[in-house]
Amino acid sequence: MNSFERFKNKQRRRDSANEHYNAQFIFNAYNSAIIHKDDIELHAAVVSKQEKDQGYIYTHYNDILQPGDIWEVNTLHWLIVEEIISIKDTDYHKYFALLCNVDLGITWGYFKSRLGIRNEQDTALESTQEPQITLPAHFLDYQDKIVLDGRAWIVQEYDSISNPGVTVYSLQASTVSKDETQDANSY
């Protein structure tokens with residue numbers, strides 16, 4: 001074997017070692033955790049933005065999450081919104097996730113209203129947008145009604161194109177009868 005071949009082999013081994021090393025934070029870092037979905041458990045690093053309902057979940061390269069999946073971490077539920085693609089070869093996947101704040105019975109979701117939006121000066125921002133709920137894809141349809149914390153909402157429109165696997169529903173306040181409340185609570 002000539003010098004150039006030895007150099008190429010050494011570089012190949014170093015690259016392989018670096019790729020393996022760059023994923024060790026998933027297993028050994030302060031924010032490493034076991035995430036759960038049904039009977040599945042995976043090692044992950046969960047990094048939430050301070051005082052926000054957003055975060056990132058890192059998994060080993062062999063452990064793939066799908067947009068629309070909901071994973072539990074220490075009693076918190078995270079909705080995977082999208083995978084963040086890295087240009088550099090890494091031995092991990094990075095996902096953007098929302099911290100779920102509503103339980104619809106058979107799924108969790110992320111509800112956001114204009115009253116819940118605050119800026120850095122901790123003052124409420126005014127918005128013309130109606131409240132929104134982000135759920136796994138195609139969970140609701142146009143004009144469906146849901147009840148959240150005793151209040152009825154009707155789906156005005158939805159976007160299932162921007163992030164495949166996840167649908168963002170625009171809601172409008174509505175009313176329901178007691179019979180409809182029980183049907184709507186079945187979500």
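This is a predicted model: local features need pLDDT of at least 70, side-chain atom pairs count only at pLDDT 80 or more; totals for chains, interfaces and linings use all residues.
Residues are numbered from 1 along each chain as its sequence is written, and side-chain values use heavy atoms, with hydrogens and water left out.

Now switch to a cartoon view. You will find three helices and twelve strands (DSSP runs numbered from the N terminus: helices are H or I, at least four residues; strands are E, at least two). Of the 187 residues, 33% are buried (under 20% relative accessible area; exposed is over 50%, partly exposed in between, with a 1.4 Å probe and protein chains only).

Next, select T59 in strand β3, residues 54-60. T59 is buried, at 0% relative accessibility. Show its side chain, and you can follow it to the backbone oxygen of D63 at 2.6 Å.

Then turn to the backbone angles. Most residues other than glycine have a negative phi. Select D38, in the loop between β1 (32-37) and β2 (40-48): its phi is positive, near 55°. D38 is exposed, with a relative accessible area of 72%.

Last stop: Q143, in the loop between β9 (132-136) and β10 (145-148). Here too phi is positive, near 75°. Is Q143 buried or partly exposed? With a relative accessible area of 37%, Q143 is partly exposed.

Note on methods: A polar contact is a pair of N or O atoms within 3.5 Å; within protein, one must be able to donate a hydrogen and the other to accept it, and residues adjacent in sequence count only if both atoms are side-chain atoms.
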